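Visitor: Could you show me how to read the inside of a protein, please?

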Amino acid sequence: MAAEISAAVPATGDASADALTPALRGLLATLRLRPRRALGRQGLGHHASRNRGSGQEFAQYRAYESGDEPRQIDWKLYARSDRFFVREAERESPVLAWLLLDTTASMAQADESRPQFSRFDAARQLAVCVFEIAQRQGDACGLVLCGGAGLSLVTPGSGPRQRDRLRHALATATAIGEWPKAEVLAPAWGRIARGDLVIALGDCFDEAAVAQLVRLAHAGREVVALQVLTADERDFPFADGRRFVEPEAGESLLGDGPALRADYLARLAAAQRTLSARFAAAGIRHATHVIDQSPGQALQQLFGDRAR
């Protein structure tokens, strides 16, 4: 885990992890969870499916039939043809979204300049943002927590009660231990159906975690990965000698910050290129969020107009 550069500290539960500013809420209102493929679940949402009905995107005309609503009649076409035709549209189909949150020990890492706000706090804030997007567009959203405490799952749902369930689960979660073994995660993977949207939040340093995302994508799940890094990992600003600790395995390295910086940054860049290529090959959309930045930039990249 080349980018883990200091000993893990406990997640603080900083209130800012759950605070959505007015500007951020305004941005969330413009974003959409739009999978590349929607498999045609019945209902109204924001995801085009193969169903014909009273959605929003025009599909075709058909002759009026008894029982059709008068508001569906195209009166301009009637004036030209003296026959009743109904406008059919592609029915909009809601998606079922899963937030997959890494709760391993490396997620508890924070920057020296802001020790009260950890990577885990930032990931939980992003999770709340994603749920708010799903909530606005009427999509069900669930939560899977994966870490040293094992597996914890919140069944997908929507509405105020679901918001309370998700926020409680996020607030009480802890970042400890290592990524669970495959058999521990099997029950969750069995719940995530083909065509479901999986939004994974984590540092993407665990090989087992990345491999699981790739397998989910190859099994027909729509996977979006949001990597969360600390600013210290991005910049390696250390100007003195120190002990660098890998927080999950406990391995450590004594070294001089300035002497290590160039090699570290080169290795980090290479690791990021490899990760990006691996996700792209699996069809996984991905973005990187650094915790000294606003979450809006990464969310815009994944769920904004350009992403669609």
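Guide: Let us look at the nonpolar core and then at the cavities. This is a predicted model, where local features need pLDDT of at least 70, side-chain atom pairs count only at pLDDT 80 or more, and totals for chains, interfaces and linings use all residues. Residues are numbered from 1 along each chain as its sequence is written, and side-chain values use heavy atoms, with hydrogens and water left out.

Visitor: What share of the residues in the protein is buried?

Guide: Buried residues, those under 20% relative accessible area with a 1.4 Å probe and protein chains only, make up 49% of the 308 residues.

Visitor: Which residues have the most contacts inside the largest nonpolar core?

Guide: In soluble globular proteins, nonpolar side chains tend to be buried together. A nonpolar core is a set of buried Ala, Val, Leu, Ile, Met, Phe, Trp, Tyr and Cys residues joined through side-chain atoms within 4.5 Å. Here the largest has 44 residues, and Leu99, Leu143, Leu299 and Phe303 have the most contacts inside it.

Visitor: What lines the largest cavity?

Guide: Rolling a probe the size of a water molecule over the atoms shows where empty space is left. On a 1 Å grid over the protein atoms alone, a cavity is a set of points where a 1.4 Å probe fits but cannot get out, and lining residues have an atom within 4 Å of a point. This model has 2 cavities of 30 Å³ or more. The largest holds about 110 Å³ of space, a volume being the space filled by probe spheres set on the points, which are joined across faces, edges and corners. Its lining includes Asp102, Trp179 and Cys204.

How values were computed: 1 Å grid on protein atoms, 1.4 Å probe; cavity = no way out; pocket = protein on both sides within 12 Å on 5 of 7 lines; lining within 4 Å. Buried < 20%, exposed > 50% of the residue type's maximum accessible area, 1.4 Å probe, protein only.
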